[in-house]
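Welcome, and thank you for taking a look at this model. Please keep the sequence and the 3D view side by side as you read the tour below.

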Amino acid sequence: MDRWLNSPVGNSVIQAETAAFAELVPSGFYARSLQIGLSEIPYLDGIETRERYIVDEGSQSGALHGRPNRKQSNKSHYMIASPFALPFPERSQNLIVLPHTMDHCENPHDVLREVNEILEPEGCLAIIGFNIFSLFGCVHLLMSKTGRMPWDGKFYSVGRVQDWLLLLGYDLVGARMLIYRPPINSERYQKKMKFLENAGSRWWPGLGSVYVIVGKKREIMLTQRRQLSTAWTKFLPPVVQPVPQKVARTMNMEAASNE
């Protein structure tokens, strides 16, 4: 995993994720913030917080060294623990981020339930993961049995992850799709294909390889209307649509009559 994170593709993914996370999390002061997984990546460094906790399982990503400019702040408290049994009391955290945590766990529902217990009402939960309906998702289908990270994980659709949050009683406050370039490990290619990021967010916004979803935990869970499995799309930029043929003919006829 550390080799992939330090590759041109991994580098571009981490830069895009950390920037999007900082923009999507509602502004304000979070007394206690928690990051579960990828302990060497400073997702929480741009957040105003008094206490910052970094939890890792102590395997794979926990053994990463990362580049010097990626190291976490010295103000962070590190600990080794399972995401299924976190060493925090109920309602003790104000902000929690799961960076690809659910991509590499056996039961994401148990992780979400554990996180939900320690997050206080009106607190924010950010989930970052790989989208199955994307170029990365295609590579995942081809290489999932090779044992190579990150392709050996479990990729989910953004709509499915959103439904899990809605069932737990969260309001979506931010969502974004990232990375529309193919995962080719070439720094020269990554720079050359950078134009695909703007093109993808404009023309096929739902097919980004990475999703970032931010939800706010409600004080009282209301009855959910289950038809909103695509509610996250309201956070995406509008897609330019061609003018319908009937409307175009009408416009041409009006223009001809005015002449």
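His100 is found in the loop between β4 and α3. Its phi is near 60°, a positive value in a residue other than glycine. Because its relative accessible area is 7%, His100 is buried; buried means under 20% relative accessible area, exposed over 50%, and partly exposed in between, with a 1.4 Å probe and protein chains only. Helices (H or I, at least four residues) and strands (E, at least two) are DSSP runs, numbered from the N terminus.

Before going further, a word on what you are viewing. This is a predicted model, in which local features need pLDDT of at least 70 and side-chain atom pairs count only at pLDDT 80 or more, while totals for chains, interfaces and linings use all residues. Residues are numbered from 1 along each chain as its sequence is written, and side-chain values use heavy atoms, leaving out hydrogens and water.

Arg91 also has a positive phi, of about 55°, although it is not a glycine. Arg91 lies in the loop between β3 (76–80) and β4. With a relative accessibility of 51%, Arg91 counts as exposed.

Here are some residues with their accessibilities.

| Residue | Relative accessibility | Class |
|---|---|---|
| Cys124 | 1% | buried |
| His100 | 7% | buried |
| Cys105 | 8% | buried |
| Arg91 | 51% | exposed |
| Ser27 | 78% | exposed |

As for the cysteines, the structure holds 0 disulfides, a disulfide being a pair of cysteine sulfur atoms within 2.5 Å.

Now for the strands. Strand β4 (residues 93–99) runs parallel to β5, and 6 bridges join them. In this pairing Val97 stands opposite Ala126 of β5. From β4 the chain passes through helix α3 (residues 108–118) to β5, making a right-handed β-α-β crossover. Right-handed here means that, with the strands pointing away from the viewer, the path from the first strand over the helix to the second runs clockwise.

Strand β5 also pairs with strand β7 (residues 210–217), this time in the antiparallel sense, over 7 bridges. There, Gly129 stands opposite Tyr211 in β7.

Helix α2 (residues 8–24) has 17 residues and reaches 24 Å from its first C-alpha to its last, close to the 24 Å expected at 1.5 Å a residue. The expected span is 1.5 Å times one less than the number of residues. Buried residues of α2 include Val9, Val13, Ile14, Phe21 and Leu24. Ser27 lies in the loop between α2 and β1 (29–36). The C-alpha atoms of Ser27 and Ile47 are separated by 8.3 Å, and these residues are 20 apart along the chain.

Val139 sits in helix α4 (residues 135–143). Leaving aside residues up to four places away in sequence, Val139 touches Trp151 and Pro183, where contact means heavy atoms within 4.5 Å. Although Val139 and Pro183 are 44 residues apart in sequence, their C-alpha atoms are 8.3 Å apart in space. In the loop between α4 and α5 (158–167) you can find Pro150. A cis peptide bond joins Met149 and Pro150, with omega about 5°.

Finally, the whole chain: it has 8 helices and 7 strands. Of its 259 residues, 48% count as buried.

Conventions:
Two strands pair if DSSP finds at least two bridges between them.
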